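Have a look at the sequence and the fold, then read on.

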Amino acid sequence: KLEAFGAKARSGATDIAKYGAAATAAGAALATAFTVKGLQAVDAQAKLARSLGASIDGLRALQIASGDAGVSASVLETSIEKLNSRIGEAMRGTGTAADSFKRLGLSAEQLDGMDVDQRMAAIADRMQEMGLSAAEAGDELRQMGIRNGEMVNLMLQGGDAIRSANQEVKGLGLSLSAVDAAQVEAA
(Lines give C-alpha, C1' and ligand atoms only; values in the text may rest on other atoms or scores of the structure.)
Protein backbone atom coordinates (compact mmCIF):
# COMPACT_ATOMS: atom_id res chain seq x y z
CA LYS A 1 0.00 0.00 0.00
CA LEU A 2 2.85 2.37 0.79
CA GLU A 3 4.53 1.62 -2.53
CA ALA A 4 1.27 2.25 -4.42
CA PHE A 5 0.76 5.47 -2.48
CA GLY A 6 4.36 6.54 -3.25
CA ALA A 7 3.86 5.85 -6.97
CA LYS A 8 0.66 7.91 -6.98
CA ALA A 9 2.40 10.74 -5.09
CA ARG A 10 5.31 10.75 -7.60
CA SER A 11 2.83 10.76 -10.48
CA GLY A 12 0.90 13.61 -8.85
CA ALA A 13 4.10 15.57 -8.25
CA THR A 14 5.10 15.10 -11.89
CA ASP A 15 1.68 16.38 -13.00
CA ILE A 16 1.97 19.37 -10.67
CA ALA A 17 5.43 20.13 -12.05
CA LYS A 18 4.07 20.01 -15.61
CA TYR A 19 1.19 22.34 -14.70
CA GLY A 20 3.62 24.63 -12.89
CA ALA A 21 5.89 24.82 -15.92
CA ALA A 22 2.91 25.50 -18.17
CA ALA A 23 1.64 28.22 -15.81
CA THR A 24 5.09 29.81 -15.70
CA ALA A 25 5.29 29.82 -19.50
CA ALA A 26 1.77 31.28 -19.75
CA GLY A 27 2.63 33.95 -17.18
CA ALA A 28 5.77 34.89 -19.10
CA ALA A 29 3.80 35.10 -22.34
CA LEU A 30 1.17 37.24 -20.64
CA ALA A 31 3.82 39.57 -19.18
CA THR A 32 5.43 39.89 -22.60
CA ALA A 33 2.08 40.66 -24.21
CA PHE A 34 1.36 43.35 -21.60
CA THR A 35 4.80 44.86 -22.14
CA VAL A 36 4.36 44.92 -25.91
CA LYS A 37 0.88 46.47 -25.58
CA GLY A 38 2.25 49.08 -23.17
CA LEU A 39 5.10 49.97 -25.51
CA GLN A 40 2.68 50.21 -28.43
CA ALA A 41 0.46 52.57 -26.42
CA VAL A 42 3.42 54.81 -25.56
CA ASP A 43 4.53 54.75 -29.20
CA ALA A 44 1.05 55.75 -30.40
CA GLN A 45 0.83 58.51 -27.78
CA ALA A 46 4.24 59.89 -28.78
CA LYS A 47 3.30 59.95 -32.45
CA LEU A 48 -0.04 61.63 -31.74
CA ALA A 49 1.61 64.26 -29.54
CA ARG A 50 4.20 64.97 -32.22
CA SER A 51 1.51 65.29 -34.92
CA LEU A 52 -0.37 67.81 -32.74
CA GLY A 53 2.73 69.81 -31.84
CA ALA A 54 2.40 68.86 -28.19
CA SER A 55 4.46 67.23 -25.50
CA ILE A 56 3.36 63.79 -24.36
CA ASP A 57 2.66 65.07 -20.85
CA GLY A 58 0.69 68.06 -22.16
CA LEU A 59 -1.41 65.83 -24.37
CA ARG A 60 -2.00 63.31 -21.56
CA ALA A 61 -3.08 66.08 -19.20
CA LEU A 62 -5.50 67.46 -21.76
CA GLN A 63 -6.85 63.97 -22.45
CA ILE A 64 -7.50 63.43 -18.75
CA ALA A 65 -9.18 66.82 -18.28
CA SER A 66 -11.27 66.46 -21.41
CA GLY A 67 -12.29 62.91 -20.47
CA ASP A 68 -13.43 64.21 -17.08
CA ALA A 69 -15.50 66.86 -18.90
CA GLY A 70 -17.11 64.25 -21.16
CA VAL A 71 -15.12 65.08 -24.31
CA SER A 72 -14.26 62.08 -26.47
CA ALA A 73 -10.69 61.47 -27.60
CA SER A 74 -11.55 61.95 -31.27
CA VAL A 75 -13.29 65.27 -30.59
CA LEU A 76 -10.29 66.46 -28.58
CA GLU A 77 -7.84 65.48 -31.30
CA THR A 78 -9.87 67.22 -34.03
CA SER A 79 -10.28 70.31 -31.85
CA ILE A 80 -6.53 70.58 -31.24
CA GLU A 81 -5.81 70.21 -34.96
CA LYS A 82 -8.33 72.92 -35.85
CA LEU A 83 -7.08 75.26 -33.13
CA ASN A 84 -3.48 74.81 -34.31
CA SER A 85 -4.53 75.75 -37.85
CA ARG A 86 -6.44 78.79 -36.67
CA ILE A 87 -3.52 79.96 -34.53
CA GLY A 88 -1.36 79.80 -37.64
CA GLU A 89 -3.91 81.86 -39.58
CA ALA A 90 -4.14 84.40 -36.76
CA MET A 91 -0.35 84.73 -36.68
CA ARG A 92 -0.55 85.73 -40.36
CA GLY A 93 -3.30 88.20 -39.48
CA THR A 94 -6.05 86.27 -41.24
CA GLY A 95 -9.03 84.17 -40.23
CA THR A 96 -11.82 84.56 -37.72
CA ALA A 97 -9.71 83.26 -34.84
CA ALA A 98 -7.60 86.45 -34.89
CA ASP A 99 -10.67 88.46 -33.87
CA SER A 100 -11.62 85.87 -31.25
CA PHE A 101 -8.15 85.96 -29.71
CA LYS A 102 -8.35 89.78 -29.58
CA ARG A 103 -11.73 89.66 -27.84
CA LEU A 104 -10.30 87.23 -25.30
CA GLY A 105 -7.15 89.33 -24.85
CA LEU A 106 -4.88 86.55 -26.09
CA SER A 107 -1.99 86.62 -28.52
CA ALA A 108 -1.74 83.99 -31.25
CA GLU A 109 2.05 84.19 -30.98
CA GLN A 110 1.96 83.51 -27.25
CA LEU A 111 -0.52 80.65 -27.70
CA ASP A 112 1.69 79.16 -30.40
CA GLY A 113 4.62 79.07 -27.97
CA MET A 114 2.67 77.11 -25.35
CA ASP A 115 2.26 73.39 -24.93
CA VAL A 116 -1.20 72.12 -25.85
CA ASP A 117 -2.48 71.87 -22.27
CA GLN A 118 -1.20 75.35 -21.38
CA ARG A 119 -2.74 76.78 -24.56
CA MET A 120 -6.17 75.33 -23.80
CA ALA A 121 -5.89 76.36 -20.14
CA ALA A 122 -5.10 79.96 -21.16
CA ILE A 123 -8.14 80.10 -23.43
CA ALA A 124 -10.33 78.46 -20.78
CA ASP A 125 -9.10 80.92 -18.12
CA ARG A 126 -10.03 83.91 -20.26
CA MET A 127 -13.47 82.50 -21.03
CA GLN A 128 -14.09 81.91 -17.34
CA GLU A 129 -12.68 85.31 -16.29
CA MET A 130 -14.91 87.06 -18.82
CA GLY A 131 -17.94 85.14 -17.52
CA LEU A 132 -18.89 83.84 -20.95
CA SER A 133 -22.10 81.86 -21.18
CA ALA A 134 -22.10 78.45 -22.84
CA ALA A 135 -23.47 80.04 -26.02
CA GLU A 136 -20.80 82.76 -26.02
CA ALA A 137 -18.02 80.27 -25.32
CA GLY A 138 -19.34 78.03 -28.07
CA ASP A 139 -19.29 80.93 -30.50
CA GLU A 140 -15.71 81.83 -29.60
CA LEU A 141 -14.67 78.21 -30.01
CA ARG A 142 -16.34 78.10 -33.43
CA GLN A 143 -14.30 81.14 -34.43
CA MET A 144 -11.23 79.12 -33.46
CA GLY A 145 -12.34 76.21 -35.62
CA ILE A 146 -13.64 74.10 -32.75
CA ARG A 147 -17.13 73.13 -33.81
CA ASN A 148 -18.01 70.44 -31.28
CA GLY A 149 -20.15 71.49 -28.34
CA GLU A 150 -18.51 68.96 -26.05
CA MET A 151 -15.50 71.27 -25.78
CA VAL A 152 -17.59 74.05 -24.23
CA ASN A 153 -17.89 72.10 -20.97
CA LEU A 154 -14.12 71.70 -20.74
CA MET A 155 -13.44 75.35 -21.46
CA LEU A 156 -16.03 76.72 -19.04
CA GLN A 157 -14.38 74.78 -16.20
CA GLY A 158 -11.42 77.10 -16.57
CA GLY A 159 -7.75 76.29 -16.83
CA ASP A 160 -7.49 74.90 -13.31
CA ALA A 161 -9.12 71.63 -14.42
CA ILE A 162 -6.45 71.22 -17.10
CA ARG A 163 -3.59 72.23 -14.79
CA SER A 164 -4.89 69.80 -12.17
CA ALA A 165 -4.80 67.02 -14.77
CA ASN A 166 -1.19 67.93 -15.54
CA GLN A 167 -0.34 67.52 -11.85
CA GLU A 168 -2.18 64.18 -11.92
CA VAL A 169 0.03 63.01 -14.80
CA LYS A 170 3.12 63.84 -12.76
CA GLY A 171 1.72 62.55 -9.48
CA LEU A 172 0.73 59.17 -10.93
CA GLY A 173 4.14 58.68 -12.52
CA LEU A 174 2.71 58.91 -16.05
CA SER A 175 5.14 61.62 -17.10
CA LEU A 176 7.25 60.71 -20.11
CA SER A 177 9.98 62.81 -21.66
CA ALA A 178 10.60 63.09 -25.39
CA VAL A 179 13.85 61.14 -24.89
CA ASP A 180 12.03 58.29 -23.13
CA ALA A 181 9.37 58.23 -25.84
CA ALA A 182 12.04 58.10 -28.55
CA GLN A 183 13.64 55.10 -26.85
CA VAL A 184 10.28 53.34 -26.69
CA GLU A 185 9.65 54.11 -30.36
CA ALA A 186 13.07 52.75 -31.27
CA ALA A 187 12.36 49.58 -29.28
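## The big picture

Of the 187 residues in the protein, 36% are buried, where buried means under 20% relative accessible area, exposed means over 50% and partly exposed is in between (1.4 Å probe, protein chains only). This is a predicted model, in which local features need pLDDT of at least 70 and side-chain atom pairs count only at pLDDT 80 or more, while totals for chains, interfaces and linings use all residues. Residues are numbered from 1 along each chain as its sequence is written, and side-chain values use heavy atoms, with hydrogens and water left out.

The secondary structure comes to 10 helices and zero strands. Both kinds of element are DSSP runs numbered from the N terminus: helices are H or I with at least four residues, and strands are E with at least two. Read from the N terminus on, the elements go α-α-α-α-α-α-α-α-α-α. Among contacts (heavy atoms within 4.5 Å) with a separation of 6 or more, 65% are between residues 24 or more positions apart.

Two packed helices are described by the angle between their axes and the distance between the axes. The axes here are lines fitted to C-alpha atoms, for helices over the stretch in contact, and the angles run from 0 to 180 degrees between N-to-C directions. Angles under 35 degrees count as roughly parallel, over 145 as roughly antiparallel, 65 to 115 as roughly perpendicular and the rest as oblique.

Start with helix α3 (residues 73-91), which packs with α6 at an angle of about 80°, the axes being 12 Å apart. The two helices, α3 and α6, are therefore roughly perpendicular to each other. On the α3 side the contact is made by Ile 80, Leu 83, Asn 84 and Ile 87, and on the α6 side by Val 116, Arg 119, Met 120 and Ile 123. By class, the residues of this contact are six nonpolar, one polar and one charged. Here Ala, Val, Leu, Ile, Met, Phe, Trp, Tyr, Cys and Pro count as nonpolar, Asp, Glu, Lys and Arg as charged, and the others, Gly among them, as polar.

How do α6 and helix α9 (residues 159-171) cross, and at what angle? Their axes come within 7 Å and cross at roughly 155°, so α6 and α9 are roughly antiparallel to each other. In this contact Asp 117, Met 120, Ala 121, Ala 124 and Asp 125 of α6 meet Gly 159, Asp 160, Ile 162, Arg 163 and Asn 166 of α9. The contact of α6 with α9 has four nonpolar, two polar and four charged residues.

## Inside the core

A nonpolar core is a set of buried Ala, Val, Leu, Ile, Met, Phe, Trp, Tyr and Cys residues joined through side-chain atoms within 4.5 Å. The largest one has 43 residues, and those with the most contacts inside it are Phe 101, Ile 123, Met 127, Met 151 and Leu 154. Helix α6 gives the most to this core, with seven residues.

Leaving aside neighbours within four places in sequence, Met 151 is in contact with Val 71, Val 75, Leu 76, Ser 79, Met 120, Leu 141 and Ile 146.

## Charged pairs

How many salt bridges does the structure hold? There are six, a salt bridge being a side-chain nitrogen of Lys or Arg within 4 Å of a carboxyl oxygen of Asp or Glu. One of them joins the side chains of Arg 103 and Glu 140 (2.8 Å, N to O). Arg 103 lies in helix α4 (residues 96-104) and Glu 140 in helix α7, so this pair ties together parts that are 37 residues apart in sequence. Glu 140 is buried, with a relative accessible area of 9%, while Arg 103 counts as partly exposed at 42%. Not counting residues up to four places away in sequence, Glu 140 touches Ser 100, Arg 103, Met 127 and Leu 132.

Another salt bridge links Glu 129 with Arg 126, with the closest N and O atoms 2.8 Å apart. These residues, Glu 129 and Arg 126, are three residues apart in helix α6, so about one helical turn separates them. Glu 129 is exposed, with a relative accessible area of 57%, and Arg 126 counts as partly exposed at 24%.
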